[in-house]
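Please open the model in your viewer and keep the selection panel at hand. The stops below each give something to select and then say what is there.

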Amino acid sequence: MEKHEFKELKERLLSARKNGYDRLPDGELAAMETYCAAYKAFLDAGKTERLCAAEAIRLAEAAGYRPYIRGTALSAGDKVYVSNRGKSVLLARIGKRSLAEGCQITAAHIDSPRLDLKPNPLYEDGELAYFKTHYYGGIRKYQWVTIPLELHGVAALRDGTAVQVNIGADEGDPRLVITDLLPHLGAEQNKKTLGEAIPGETLNLLLGSQPIGDAEESGRVKLAVMKLLHDKYGITEDDFTSAELEAVPAVKATDIGLDRSMIGAYGHDDRVCAYAALRALLDLEETPEKTAVCVLADKEEIGSDGVTGMQSAAFDTFLEDLCESQNVPVRVCYEASFCLSADVTAAYDPNFSDVYEKRNAAWLNHGIGLCKYTGARGKSGASDADAETVAYARRIFDGAGVIWQIAELGKVDAGGGGTVAVYMANRNITTLDAGVPVLAMHAPFETVAKLDCYETYKGMKAVFQAENWI
Ligand code: MN
Ligand code: MN
């Protein structure tokens, strides 16, 4: 075989994995930077699911979206949203075609792993005041000590009002911290496994050290801290009972790398896909053929249960309401719909190469990662999209010039994970997983590549603009 024949045959028959920078048109670099600057601002504005939902609604209203009122007539081009208890947002741009022909859905989640306060959190020990925490989602506990933390959330009072709490996010605010053992006294701790070295009950937030009152009194530091909280928020210790306060890393989204090609931040999982889906919906210039639906879900990190999670009937109710306005049974809409379950995947990390299977790992800068299945072991817990569904995604992404890659989370026996995909698929909606590859996923500070963020946005837009599902 001649050399040129071999080359031609190779190019024609074998797949060539190319870095996204070798495929991205030069003209798109500026657009990528602009997009990523807005994404960083979105991250800083929404470090909890409540704050993220509020920011999403603010952006949606600026783009002409209005709260949907049940029973209102809808026509092509209409922009509506529903806030599910301020913690999850459902948005729709009504398409030209009937909902009987299905809708194009993107579903991402806006909750991230964090430390919630216990319902009775405040105590004093060793003349120091603390909050007890209960971690939310899959965290590696050792990563959450000795880093600056801030506190967000609400204290809901008996009179029906709610007080917004924000400690540490504003310029000049104090921060909170969880201490760790000094190495000098760490001999026993060093012998423990990473999972055991920091027990959950030691994740206690340091709040204060300055006592008030006379020296003979007890609980003086605790009282001093409670007084500060009362002065600022008007709350008493009993109000913690009906509060949702979340400790999150006190760090802003920032460029990473000398080349500024990456973004480091808390909560990329899954606000990186949530923002891509939301921005893509808001940026749709023309009325789409099919109704475009964007779901920003809560509770994914703890299994998507609960009234604001993807398993909640809140989604069905929203779609039923939209369908009723067109006299379409929701089941007819579901079976003709397509959903991109937009959630992050693990990026190949050369530092920990032994848990990845290089040929099927998502690589930084190779674009949005499609995952035919997630799950653990023998695909347990996965919806496992069929071949036709993956082909559909190939077609719409290639048609729109989206840089994408196909990926698995890691080695077959290394572990696993799930997304909301299974809950959409269980509704009889054709569903495929796709999302941004992340380094150090679930860490207080995660890293993604700007190119992958931007390509995910392009991918979401392509899904909304796609006309036909098979
Ligand atoms: Mn996720
Ligand atoms: Mn996650």
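Against which elements do the buried residues of α8 pack? Select helix α8 (residues 314–324), where F315, D316, F318, L319, D321, L322 and C323 are buried, buried meaning under 20% relative accessible area, exposed over 50% and partly exposed in between, with a 1.4 Å probe and protein chains only. These buried residues pack against the strands β2 (79–84), β3 (88–93), β4 (103–109) and β13 (291–297), and against the helices α9 (330–335) and α11 (421–425); helices (H or I, at least four residues) and strands (E, at least two) are DSSP runs numbered from the N terminus.

This is a predicted model, in which local features need pLDDT of at least 70 and side-chain atom pairs count only at pLDDT 80 or more, while totals for chains, interfaces and linings use all residues. Residues are numbered from 1 along each chain as its sequence is written, chains are lettered from A and ligands numbered from 1 in the order in which they are written, and side-chain values use heavy atoms, with hydrogens and water left out.

Next, colour domain 1 (16–112 + 266–465) and domain 2 (114–249) separately, bounds that come from an automatic or database domain assignment. Their C-alpha centres lie 33 Å apart, and 17 residues of domain 1 are in contact with 14 residues of domain 2, contact meaning heavy atoms within 4.5 Å. Four salt bridges are counted between domain 1 and domain 2, a salt bridge being a side-chain nitrogen of Lys or Arg within 4 Å of a carboxyl oxygen of Asp or Glu.

Show the side chains of E49 and R114, which meet in a salt bridge at 3.3 Å, N to O.

Now select E28 and K458, whose salt bridge has its closest N and O atoms 2.9 Å apart. E28 lies in helix α2 (residues 28–45) and K458 in helix α12 (residues 450–465), so the pair ties together parts that are 430 residues apart in sequence. K458 is buried, with a relative accessible area of 12%.

Move on to D255 and K450, whose side chains meet in a salt bridge (3.2 Å, N to O). Because D255 belongs to strand β11 (residues 254–256) and K450 to helix α12, this pair ties together parts that are 195 residues apart in sequence. Both D255 and K450 are buried.

Finally, centre on D180, in the loop between β8 (162–167) and α4 (187–190), which counts as partly exposed at 37% relative accessibility. Leaving aside its neighbours within four places in sequence, D180 is in contact with V145, T146, Q189 and I198.
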